[in-house]
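Please keep the sequence and the model in view while reading.

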Amino acid sequence: MAQIIKIKANDGSDVEFYDEMKAQGGMKDVYFSPSKQYVVAFYRKPLKELKASEKDRLQNIVGIYREKIFSTNSDGSYWKNLFAWPEKTVEWNGKIGVVVPFYDKKFFFAGGPFDGKEKNGKWFASAKLRNKFLPADQKGTWLSHIHVCIKIARAMRRLHAAGLAHSDLSYNNVLVDPVSGNACIIDDDGLVVPGKYPPDVVGTPDFIAPEVMETKGLSLDDPKRKLPSRLTDLHALAVLIYMYLLYRHPLRGGKVWDLDPAKDEEMAMGAKALFVEHPTDKTNRVKINDLDKSQLPQGDPSKLPYTICGPYLKPLFDRAFIDGLHNPSARPTAQEWEDALVKTTDLVQPCQNPQCEAHWFVFDNTTKPRCPFCGKEYKGQLPVLNFYYAPSHGRFMSENYRLMVYDKQTLYMWHVNRNIGANEKTSAEDKKPAGDFHFHNGQWILINRRIPDMYEILADGNKKQISVGGFVPLTEGRKILLSAKDGGRLVIVQLVNN
């Protein structure tokens, strides 16, 4: 029977764990605490073999950086849901370890063939694994996958703002729950910390940036050697988002660069890396006949091209996999990904096919919208709200931002006012519904739930108040000032009939 080990952590607190290894990672052995509130992960490398800089880096992660992210901001508690951040270090049997909070139960499969196992992100990013093994009730929807991507981008944005980099961002180090749209970044004890602390790993295959792959054979002190950094994180982040939305890898196409598999891999992910959907260079196009049936249709870019992700994400994929693939400084930032993903959620429509696995799709700005995942055409009247803002008083300009309407959809304050963001700083008050949309008596309406200064702008330029509890029909060309306050948006209604 396993014994309970009791030791003191670096901060003087008591730590308990069973002397029975429960899991193994690439570098650490994991032990469970009796309370199951935390685990203790010990590095296999003996303490006496660790460099002073390695121990110092760990102390910075559990010390000043943990304090910086979780304790010095009003939103500190928010980040505890997005990171499994090590809380303290311990020493035992000549080894150093970290104490890490136990993962939330939503990140473990409940039922099915993987009951009790961690929801490693790979299960949800691979068409083959999704189609062959995942139960339908574990896959989530396409919209919930967008929410997963928002959480990952937001977590990376916070990490980079603190001056840190993950160094090994991949689907192995992100737990996801597409059912609830949540994600958690793990293995945070391996972060790249400012200073002379070379990272322990260069990354996980499929996510290593081309410049790192191309120079990994050079010594660590060679000035030409590229090591994990914020910029390499941005490559991995783009790959993750592409895979969670399209279920295939953006660089694994049909081109064979060398007959030696090892050299071919090094070139395909390094110096010769080429986007499979490059608009002009077709060298690395996916060869459909080489795909397993379980990889279809998602593995075929001609059936589900990356453009189905919409007008906000498509340019970022271009920058990540065309402009920035071999030019790291051109890669989109985590903030840009987060903003584009949030705006994309406002472009989605529910698919009218109840059997559609995706359930949602991005409006493609055509007169005959069609779900790209199942082929079902949208039938009926589709309202589109085009947003305008006033950089100077009284003069509105297009914001290149729109909100798609569907029955019982909610209008939030970040739609009403462009000065309010949809992020970790959004107040509880601003999270309350500001309005909602309904198809009522054969017409679409917006009900004002709590905006005191919402107005319809009449044809003669005068304003007609839409009182709290009142509604306004959504007809072609109708203008609605959502709020008269600074930052308040004007919307012009557009109707698509199909």
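The lining of the largest pocket divides into 18 nonpolar, 11 polar and 8 charged residues. The model is a predicted one, and the pocket in question has a computed volume of about 960 Å³. Its lining comprises 37 residues, and G25, V30, Y103, I186 and D187 are those that lie nearest the centre. Several strands contribute: β3 (21–24), β4 (28–32), β5 (38–43) and β7 (95–101) each supply at least two residues of this lining.

The second largest pocket holds about 630 Å³ of space. Of the 22 residues that line the second largest pocket, H147, T345, Y412, W414 and A422 lie nearest its centre. Two or more lining residues come from each of α5 (142–161), α10 and α11 (413–416). Which of these elements gives the most to the lining of the second largest pocket? It is α5, with 5 residues. By class, the lining of the second largest pocket is made up of 10 nonpolar, 7 polar and 5 charged residues.

Helix α10, which spans residues 334–345, also contains T344. Is T344 buried or exposed? Its relative accessibility is 1%, so T344 counts as buried, the cut-off being under 20%. Leaving aside residues up to four places away in sequence, T344 touches I146, C309, Y312, L313 and V362.

Helix α10 is also a packing partner of α9: the buried residues of α9 pack against α10 and against α7 (230–246). Helix α9 covers residues 314–323, and its buried residues are L316, F317, D318, A320 and F321.

After α7 comes Y247, with a positive phi near 65 degrees.

How many cavities of 30 Å³ or more does the structure hold? It holds 1, and the largest cavity contains about 70 Å³ of space. The residues lining the largest cavity are S167, D168, L169, V202, G203, T204, F207, I208, A209, T232, D233 and A236. By class, the lining of the largest cavity has 6 nonpolar, 4 polar and 2 charged residues.

The last stop is a sheet. Strands of a sheet pair through backbone hydrogen bonds, in either a parallel or an antiparallel sense. Here, 4 strands form an open sheet in the order β14-β15-β16-β19, and the pairing is antiparallel. Strands β14 (410–411) and β19 (471–473) are the edge strands, each pairing on one side only. Strand β15 covers residues 435–440, and its antiparallel pairing with β14 runs over 2 bridges. What does T410 stand opposite in β15? T410 faces D436 there.

Technical notes: Residues are numbered from 1 along each chain as its sequence is written. This is a predicted model: local features need pLDDT of at least 70, side-chain atom pairs count only at pLDDT 80 or more; totals for chains, interfaces and linings use all residues. Side-chain values use heavy atoms; hydrogens and water are left out. Buried means under 20% relative accessible area, exposed over 50%, partly exposed in between (1.4 Å probe, protein chains only). Contact means heavy atoms within 4.5 Å. On a 1 Å grid over the protein atoms alone, a cavity is a set of points where a 1.4 Å probe fits but cannot get out, and a pocket is an open set with protein on both sides within 12 Å along at least five of seven lines; lining residues have an atom within 4 Å of a point. Grid points are joined across faces, edges and corners, and a volume is the space filled by probe spheres set on the points. Ala, Val, Leu, Ile, Met, Phe, Trp, Tyr, Cys and Pro count as nonpolar, Asp, Glu, Lys and Arg as charged, and the others, Gly among them, as polar. Two strands pair if DSSP finds at least two bridges between them.
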